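Reader: I am new to this structure and would like to go through some of its side-chain contacts with you, one at a time.

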Amino acid sequence: MTVSGAEAEKAAGSTVATGAGWEYAPAPESREIVSIEPQYGLFVNGEFGPAKKGRTFPTINPATEETLARVALAGRQDVDQAVSAARTAYEQVWGPMPGSERAKYLYRIARILQERSREFAVLESIDNGKPIKETRDVDIPLAAAHFFYYAGWADKLDYAGFGPQPRPLGVAGQVIPWNFPLLMAAWKLAPALAAGNTCVLKPAETTPLSALLLAEVCQQAELPPGVVNVLTGAGETGAAVVAHPGVDKVAFTGSTEVGIAIAEAIAGSGKKLTLELGGKAANVVFDDAPIEQAIEGIVNGIFFNQGHVCCAGSRLLVQESVAEHVVDRLRRRLETLRLGDPLDKNTDIGAINSRQQLDKITELSAAGEAEGAQRWSPPCELPKKGYWFAPTVFTGVSQSHRIAREEIFGPVLSVLTFRTPEEAVTKANNTPYGLSAGVWTEKGSRILWMAQKMRAGVVWANTYNRFDPASPFGGYRESGFGREGGRHGLAGYLDV
Ligand code: NDP
């Protein structure tokens, strides 16, 4: 493995050796298309402004540790103001507006996202650390697709299967994480708005910039003031949003720990709640699987977005008879991945989103070694500045190891083996989570059998990490409840 365009400035103009034996020239995407302001305000009632108490926090580029901007930190008074703006917009404008009119705004937002997709992709890579090829090909197109998809539902709610004239809930308080900042904003906003609700959105502290650019898109689309409000801040801001008595619906994506705290905080309030929480997915490879395809699926399953994915295939379950072969092929494949500058179009693995997350990954990986699993990473030089973690594979993992039980949320794969389909199911289900799973086999009957037995909201067959706005996504048990995406995603925003 080599560092592609590593340390952007250093590598510029030079070539890097690859495991394939030939050279890659750096292919950096230009930052020119994005203009990052030194200061950002809150977006309340259609306008940007400072937080009432004037507090701010920095957002940094995790690949370089450079401070990108200072961002307003919303306090209780700002939450009050945003919820009140959302309430007024709900009662006077958005709620009474015919669905066919609401749809026009959503289509407009989708179109603008497409038009400004390069700008969004570059900004998201800079603020989050994820590779430009992922923001360009996944995050931004999918975000636009969600607005298109839900625009189509806005005037058809009577036919969505929830009875005639289903009613919106009112004001939605939405708290999102840092792993897919714009995409999670789209997952939350698009169905809420289509159903006739207004929104107060709290992006993650480490990735506020794309949500603020989306707020600018709302202005550009001439969305009525107060329909979407964006409050940047820390966990306490999120806590104030969800607990606000003027909020009718809470939607949260993030850690199970915070999800539980939110559920406790709003219990008995009558607020409708959906939680999309963590996961520890099993990616199950049978001996009759197309191994080369499975290798790509394993890599995509755990190394996509540096493994910062709630549905990441972080536990690889391989049938014992092919385990050695699969691990050998996997290692060879990992030697070809390129880690480095997120803005380089050749980069496969970008930066870890924050120092805090890097510490967590480092600590859990050390626990894996201490508990007796064998750790392996391809030869890999990490950039000197920024937060980086080499792709890591643990073999000899047992089910009791922390790395097999806890969500690492990083580029770390635990390999376990099984002999029979029954054993695979038992091991796959041996987790408090239940968000996703993968199965690799050439037998259709086995796919159906596994899909029925595995307790996961999503089961991918001979593929992994496939997302579509028309397809519902969500979990069981400690992975949360409620569905996002598809017709089911509307239910969380309607009085049904
Ligand atoms: P959190 O669950 O803490 O953060 C998610 C969002 O909730 C952020 O916007 C956060 O704000 C906000 N928040 C934090 N505390 C509260 C609160 N008490 N009430 C309301 N909102 C709150 O995730 P972290 O970023 O701290 O990551 C910790 C771990 O969680 C990761 O290591 C990973 O394992 C897991 N995780 C799982 C995700 C998933 O999609 N399943 C997504 C992100 C993390 P702020 O950013 O300011 O803290």
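Author: This is a predicted model, in which local features need pLDDT of at least 70, side-chain atom pairs count only at pLDDT 80 or more, and totals for chains, interfaces and linings use all residues. Residues are numbered from 1 along each chain as its sequence is written, and side-chain values use heavy atoms, with hydrogens and water left out.

Reader: With which residue does R116 form a salt bridge?

Author: A salt bridge is a side-chain nitrogen of Lys or Arg within 4 Å of a carboxyl oxygen of Asp or Glu. For R116 the closest N and O atoms of the pair are 3.0 Å apart, and the partner is E119.

Reader: Are R116 and E119 buried or exposed?

Author: Buried means under 20% relative accessible area, exposed over 50%, and partly exposed in between, with a 1.4 Å probe and protein chains only. By that rule R116 and E119 are both buried.

Reader: How many residues apart in sequence are the parts that D348 and K133 tie together?

Author: The side chains of D348 and K133 meet in a salt bridge, at 2.4 Å from N to O. D348 lies in the loop between β16 (338–340) and α12 (355–370), while K133 lies in helix α5, so the parts tied together are apart in sequence by 215 residues. Here helices (H or I, at least four residues) and strands (E, at least two) are DSSP runs, numbered from the N terminus.

Reader: Which residue forms a salt bridge with K188?

Author: K188 is buried, its relative accessible area being 1%. The closest N and O atoms of the bridge lie 2.6 Å apart, and the partner is E484.
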